[in-house]
Amino acid sequence: MKEALTTYIKKEILNSPDTQLTDQDDLLGSGLVDSMGLMRIIAFIEEEYGITIPPTDMVIEHFMNIEAISNYVAERQTTDG
């Protein structure tokens, strides 16, 4: 899951597949991802993993970095499944 998220963010959000991006890089605080980018990531997650992310879950703690996103998605899959 982390690899798929990293690839998507690098290719589709940053438009730079060669960018170095770790699971811990702060996507929002560093400015790598803006609000529109975040919405695109959420749409990707919903489509790719078959979950619905409610507006109340669209908080920085869930989308701060790739690790946080992966943990959140895994948790949603467990509760939605």
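1. Basis of the note. The model is predicted, so local features need pLDDT of at least 70 and side-chain atom pairs count only at pLDDT 80 or more, while totals for chains, interfaces and linings use all residues. Residues are numbered from 1 along each chain as its sequence is written, and side-chain values use heavy atoms, with hydrogens and water left out.

2. Helix 1. Helices are DSSP runs of H or I with at least four residues, numbered from the N terminus. Helix 1 comprises the 12 residues 2-13. Buried means under 20% relative accessible area, exposed over 50%, and partly exposed in between (1.4 Å probe, protein chains only). By that criterion, the buried residues of helix 1 are Leu5, Thr6, Tyr8, Ile9, Lys10 and Ile13.

3. Lysine 10. This residue of helix 1 is buried yet has no salt bridge. A salt bridge requires a side-chain nitrogen of Lys or Arg within 4 Å of a carboxyl oxygen of Asp or Glu. The nearest side chain of opposite charge is that of aspartate 18, 6.7 Å away; Lys and Arg count as positive and Asp and Glu as negative, with His and the chain ends not counted.

4. Asparagine 15. Just after helix 1, asparagine 15 takes a positive phi of about 55°, in a residue other than glycine. Asparagine 15 belongs to the loop between helix 1 and helix 2 (35-49). Is asparagine 15 buried or exposed? Its relative accessible area is 62%, so asparagine 15 is exposed.

5. Alanine 4. Alanine 4, also in helix 1, counts as partly exposed at 32% relative accessibility. Apart from neighbours within four places in sequence, alanine 4 is in contact with Phe44 and Tyr49. The C-alpha atoms of alanine 4 and glutamate 48 are 9.4 Å apart, although these residues are separated by 44 residues in sequence.

6. Aromatic pairs. Rings of Phe, Tyr and Trp (its six-membered ring) pair if their centres lie within 6.5 Å; planes under 30 degrees apart count as stacked, over 60 as edge-to-face and the rest as tilted. The count comes to 3 aromatic pairs. One of them joins phenylalanine 44 and tyrosine 49, edge-to-face, at 6.5 Å centre to centre and 90° between the planes. Phenylalanine 44 is buried at 16% relative accessible area, and tyrosine 49 counts as buried at 18%. For phenylalanine 63 and tyrosine 72, the ring centres are 5.7 Å apart and the planes at 55°, so this pair is tilted. Both phenylalanine 63 and tyrosine 72 are buried. Tyr8, Phe44 and Tyr49 form one aromatic cluster.

7. Proline 54. Proline 54 lies in the loop between helix 2 and helix 3 (60-63) and counts as partly exposed at 24% relative accessibility. Beyond four places in sequence, proline 54 touches Tyr72 and Arg76.

Notes. Helices (H or I, at least four residues) and strands (E, at least two) are DSSP runs, numbered from the N terminus. The expected span of a helix is 1.5 Å times one less than its number of residues. Contact means heavy atoms within 4.5 Å.
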